[in-house]
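I opened the file today to see how a pair of neighbouring elements pack. My notes follow in the order I looked things up.

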Amino acid sequence: MIVFIFLFIYGFHDKPFLLFSHLVTVLMEMIVLGLAHLTGATDTNCQIHQNETKAQDLAQVLMYNYSRNALPEPSPVNVLVEITIQDISDISAITGTFVIDFWISAIWLDSRLQFSHIDPCRKNLSLDHDMEPKLWSPNVCIVNSKATKVHDSPKPNILLMIFPNGTTWLNYRIRSEAPCQMNLRSFPLDFIKCSLILESYSFNAAEVTLQWLEWSPVSTVKADFNLPDFRMTNITYGSITEMYTAGIWNRLYVDIHFERLYGFYILQMYMPTYISVFISWIAFWMDTRALPARITLSVSSLMALTFQFGNIVKSLPRASYVKAIDIWMFSCVGFIFFSLVELAIVAYNDKMEDQRLREYRMTSLGHIFQQQSNGNGPERSIMHRRSTQLLMMDQRTHTKLTEESPIPSPPPFRKLRRNDLGASIDRVASMGFPAAFAIFNMVYWTYYLSNPTTYTA
């Protein structure tokens, strides 16, 4: 310091005024720096220095002699992954997929990007999406997605942030269509599981290891996503290893569990089938001889149920196993079918009764003609007139005439049994069918509500 002062004075020995001015300037700078240090003016200096060092200039300095093809040190690179679910917009039972919007972050340490020695006052360096292709990245992708894209609104939604120690944070806002595992055996009282599987597409476990961010691995921006048919019940996550021909890869998975909301199906599928079955029972309280009306009721109910079942099948994927809705529909079809069988039995009984009545009339006419052939005069004309009336009258008139005439008639108890058999069958069916349907409902709803079939793992 003394040598510096001596040389400084010697250089200005012939110019005393200039020497004095320089000494004053140096003294003032020393005073300002001392006061700045004592009064905490370091933040102001950092602010001025930060304004002078532009982010792009700092990025150019960092990119000097930087290669994106070289792995950061140390190897393997530990990459922390974090997911924030923004929205789930659609779950399709036909394609077995769901559409999800989420933010995915990958965080790793790249010592080549340290800038604390260049700009110690800068807290972080935020760069545009154009810089992302120039840096090394672990290339974390969704390997089980059917379609994935980065949102553009209007620019690509990519966040790139570098911290002073070289920690790099890369974030994307993504829309992805990923598969769901469904087991429709309990449809529409079933559960489904939709999955996202993440891995580094370019680097195996020897070069890159993937881990979940400890303090916030998977999060959501809201508790309920207001899906029309489903309700999210749980989110699970974990890590596994997958063996490929090129080596071992680290995998991270997120499983989102959903419960199907069956209120819509109660109104659109179950209630109409209840109505169709109930309509088919109206025939049990109709006259046994009102055959056209009874057939119309039962057949119309069966056709409506068949048409409705066809519409339900169109909205479901093809499955080789029996579903809960199949059991319900076929059971309802069975109840309507057996009501038609009961109608056929009653109609057959009426047919046999009519046939016996015709045979009885023919026998009665034979007796009348026999008495007519044995009689003469006015008695024969009376018998002829009675035989003509017998052909035109119904069973009630025939019974009255046979009571007035000496013609023998069948026993009363046999005639009563024939007339009441169809009504007795209807009476039993009107009680048996509702009772059987009530028992079926108790077994069906108890089983499927207490033992829901989950997805196949």
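I began with handedness: in this predicted model, helix 5 and helix 6 cross in a left-handed sense. I then looked up the residue classes in this contact, and found seven nonpolar, seven polar and no charged residues.

Next I took the geometry. The two axes, with helix 5 spanning residues 263–281, come within 8 Å of each other and cross at roughly 165 degrees. Angles over 145 degrees count as roughly antiparallel, so helix 5 is roughly antiparallel to helix 6.

Which residues meet? From helix 5 I listed Gln268, Met269, Pro272, Thr273, Ser276, Ile279 and Ser280. Their counterparts in helix 6 are Leu297, Ser298, Ser301, Ala304, Leu305, Gln308 and Ile312.

I then turned to helix 6 by itself. It covers residues 291–314, 24 residues in total. From first C-alpha to last I read a reach of 35 Å, close to the 34 Å expected at 1.5 Å a residue.

I also checked burial along helix 6. The buried residues are Arg294, Ser298, Ser301, Leu305, Gln308, Phe309 and Ile312.

Last, I noted the whole protein. I counted ten helices and twelve strands. Of the 457 residues, 38% are buried. Among contacts with a separation of 6 or more, 77% join residues 24 or more positions apart.

Technical notes. Residues are numbered from 1 along each chain as its sequence is written. This is a predicted model: local features need pLDDT of at least 70, side-chain atom pairs count only at pLDDT 80 or more; totals for chains, interfaces and linings use all residues. Side-chain values use heavy atoms; hydrogens and water are left out. Helices (H or I, at least four residues) and strands (E, at least two) are DSSP runs, numbered from the N terminus. The expected span of a helix is 1.5 Å times one less than its number of residues. Buried means under 20% relative accessible area, exposed over 50%, partly exposed in between (1.4 Å probe, protein chains only). Axes are lines fitted to C-alpha atoms, for helices over the stretch in contact, and angles run from 0 to 180 degrees between N-to-C directions. Angles under 35 degrees count as roughly parallel, over 145 as roughly antiparallel, 65 to 115 as roughly perpendicular and the rest as oblique. A crossing is left-handed if the near helix is turned anticlockwise from the far one by less than a right angle, and right-handed if clockwise. Contact means heavy atoms within 4.5 Å. Ala, Val, Leu, Ile, Met, Phe, Trp, Tyr, Cys and Pro count as nonpolar, Asp, Glu, Lys and Arg as charged, and the others, Gly among them, as polar.
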